[in-house]
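Here is a briefing on a two-chain model. Look over the sequence and the structure first, then read the points below.

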Amino acid sequence: MKRTYPANIDGQIFYIDEDAYLMLQDYLQQLRLTFKGTEGAEIVSDIESRIRELFEERIASGANVIVKADVTSVIETMGRPEQITDEVQMDREDCSDESMQGSRVQQEESKPFVEFNFPTRKRLYRNMKNKIFGGVLGGVATYLDWNANILRLLYAVIACCNFWVPMLVPMVVLYLLGWMIIPPAKTPRQILEMKGEPVNVDTVGQAFMENSPTAAPNGQEEEPRNFFSLILAVVGKVVMGFLGIVGCLALIGGLISFLSVGACQLWYHFSYVPDLVWRLPWHGEPIYFVCIMIWSLAAAIAGWALAWASACVLFNAGAASKTTKITVFIMEILLISLGIAVSVVAASM
Amino acid sequence: MNIDNLKSQMRKGMLEFCVLLLLRNRDAYASEIIASMKEAHLIVMEGTLYPLLTRLKNDGLLAYRWEESPSGPPRKYYSITPLGLQFLDQLKASWDEICHTVNHILLPSQTPPPINIDEE
């Protein structure tokens with residue numbers, strides 16, 4: 001089984017296998033590097049439209065997906081960039097003997113196509129093969145070339161410290177933020193980018209192999225499940241369960257508070273029976289109601305997110321989509337800032 | 001002296017000439033030109049043609065227009081410009097000359113008349 005990408009080639013959608021896709025991408029990138037400027041852009045786009053035609057022929061003859069062999073044959077038909085320039089650019093003014101020899105030497109030095117590597121920028125991903133909760137610290141450790149367990153221990157120690165405030169809450173929040181924001185390394189390409197290895201046909205193939213369950217046990221990235229990480233995992237699950245319970249309580253409490261205060265406020269405004277209202281400590285100032293409602297809603301949403309996150313870890317529940325996470329995050333930030341603002345106003349009254 | 005290199009140099013000199021020749025009587029889009037040139041064993045790598053066309057276009061020897069195609073996106077149809085025709089005449093004269101010279105050496109006894117490409 002292979003992952004396929006839908007790719008738009010000259011306005012036409014093709015489904016392309018991942019390795020074929022990377023190969024084609026490399027090829028077009030090489031063409032772009034070879035043919036520069038506006039003239040070059042035109043050449044490359046013309047070649048791309050020819051590739052589209054060749055693929056269309058392939059699809060017309062019954063193929064559903066463009067595979068690596070198709071891309072190889074296209075590259076053979078079109079020619080590699082150095083072959084094309086070699087055929088064409090001789091009659092420009094640079095065809096004096098010296099530069100001809102120069103270009104030939106250069107060509108001999110240039111590597112064969114498949115080994116062509118682009119410098120790959122190392123990227124931060126969550127390491128899904130070395131994780132306890134979400135792979136955040138595993139990913140950071142991979143990014144920094146550190147040992148993940150040492151980083152985890154360090155993180156846990158800092159979280160247990162008590163400077164001028166208990167560090168547990170900010171560290172947990174920081175972790176959850178990382179979980180939300182940092183994408184997981186799922187595809188072979190992402191795994192390679194996470195390790196900072198070049199992404200090309202060979203390495204992707206290798207990553208495929210390492211990723212498949214049969215070859216996994218000896219993968220380099222897989223750290224031995226020793227006693228230490230087992231303890232960490234157990235402690236982590238307990239902490240996560242605790243956080244889940246806290247989240248559920250916050251959700252329920254927040255909702256109850258939100259609804260009841262809201263009800264009280266309605267009562268205050270629309271009833272002619274002021275008795276109940278005068279028994280409340282805040283004497284029915286609407287801003288206090290609003291303030292409490294905002295904070296209860298903030299607590300409820302935070303609790304819901306926490307409960308869901310722990311459910312994801314403990315019961316393998318489906319994770320929320322990225323959009324949901326970001327929306328909830330923004331809502332929470334807005335609510336908290338609004339709550340602070342309203343509280344400040346209320347306190348100054 | 002590398003024989004392949006020499007051969008490819010001989011072919012290279014003719015590429016532009018042949019593209020102009022192909023477009024002399026009718027307009028064509030890149031794939032058609034490629035098909036004709038492959039038929040004539042002029043090019044091996046299809047990609048070769050694109051830099052060539054772009055360069056000829058930028059030098060004012062060719063022009064192109066977009067034309068709807070029965071299937072897929074519009075195609076880029078190339079046509080020869082008056083300047084291109086002028087250029088082609090000069091190239092043809094020079095080609096005749098080369099043919100004449102080579103044939104003269106190749107077959108010293110019977111000097112054939114220069115090949116008239118117009119009637120091909």
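How much area is buried between chain B and chain A, and what share of it do carbon and sulfur atoms give? The buried area is about 2,300 Å², and carbon and sulfur atoms give 49% of it. Buried area here is the accessible area (1.4 Å probe) that two parts lose on being put together, summed over both.

This is a predicted model: local features need pLDDT of at least 70, side-chain atom pairs count only at pLDDT 80 or more, and totals for chains, interfaces and linings use all residues. Residues are numbered from 1 along each chain as its sequence is written, chains are lettered from A and ligands numbered from 1 in the order in which they are written, and side-chain values use heavy atoms, with hydrogens and water left out.

**The two chains**

- Chain A has 14 helices and two strands. Helices (H or I, at least four residues) and strands (E, at least two) are DSSP runs, numbered from the N terminus.
- Of the 349 residues in chain A, 37% are buried. Buried means under 20% relative accessible area, exposed means over 50%, and partly exposed lies in between (1.4 Å probe, protein chains only).
- In chain A, 66% of the contacts with a separation of 6 or more come from residues 24 or more positions apart. A contact means heavy atoms within 4.5 Å.
- Chain B has four helices and three strands. Its elements run α-β-α-α-β-β-α from the N terminus on.
- Chain B has 120 residues, and 41% of them count as buried.
- In chain B, residues 24 or more positions apart supply 47% of the contacts with a separation of 6 or more.

**The interface**

- Chain B brings 28 residues to the contact, and chain A brings 27 residues.
- Ten residue pairs are in polar contact across the interface (both at pLDDT 80 or more). A polar contact is a pair of N or O atoms within 3.5 Å; within protein, one must be able to donate a hydrogen and the other to accept it, and residues adjacent in sequence count only if both atoms are side-chain atoms.
- On chain B, helix 1 (3-22), helix 2 (30-39), helix 3 (49-58) and strand 3 (75-80) each supply at least two residues of the side that touches chain A.
- That side of chain B divides into eleven nonpolar, eight polar and nine charged residues. Ala, Val, Leu, Ile, Met, Phe, Trp, Tyr, Cys and Pro count as nonpolar, Asp, Glu, Lys and Arg as charged, and the others, Gly among them, as polar.
- Four salt bridges cross between chain B and chain A. A salt bridge is a side-chain nitrogen of Lys or Arg within 4 Å of a carboxyl oxygen of Asp or Glu.

**Salt bridges**

- Over all chains, the whole structure holds 15 salt bridges.
- B:K76 sits in strand 3 of chain B and A:E42 in helix 2 (residues 37-60) of chain A, so the pair joins two chains. Their side chains meet in a salt bridge (3.1 Å, N to O).
- B:K76 counts as buried at 9% relative accessibility. A:E42 is buried too, with a relative accessible area of 15%.
- A network of salt bridges links A:E42, A:D46, B:K57 and B:K76.
- Within chain A, the side chains of A:E193 and A:R123 form a salt bridge (3.7 Å, N to O). The pair links distant parts of the chain, 70 residues apart: A:E193 is in helix 9 (residues 188-195), and A:R123 is in the loop between helix 5 (97-109) and helix 6 (136-144).
- A:E193 is buried, with a relative accessible area of 8%, whereas A:R123 is partly exposed at 35%.
- Within chain B, the side chains of B:R55 and B:E16 pair in a salt bridge (3.2 Å, N to O). B:R55 lies in helix 3 and B:E16 in helix 1, so the pair ties together parts that are 39 residues apart in sequence.
- Both B:R55 and B:E16 are buried.

**Two buried charged residues**

- A:E332 lies in helix 14 (residues 322-348) of chain A.
- A:E332 is buried yet has no salt bridge. The nearest side chain of opposite charge, A:K325, is 16 Å away. Lys and Arg count as positive and Asp and Glu as negative; His and the chain ends are not counted.
- Not counting residues up to four places away in sequence, A:E332 touches A:A298, A:I301 and A:A302.
- B:K12 is in helix 1 of chain B. B:K12 counts as buried, at 7% relative accessibility.
- B:K12 and B:I43 are 31 residues apart along the chain, and their C-alpha atoms are separated by 9.2 Å.
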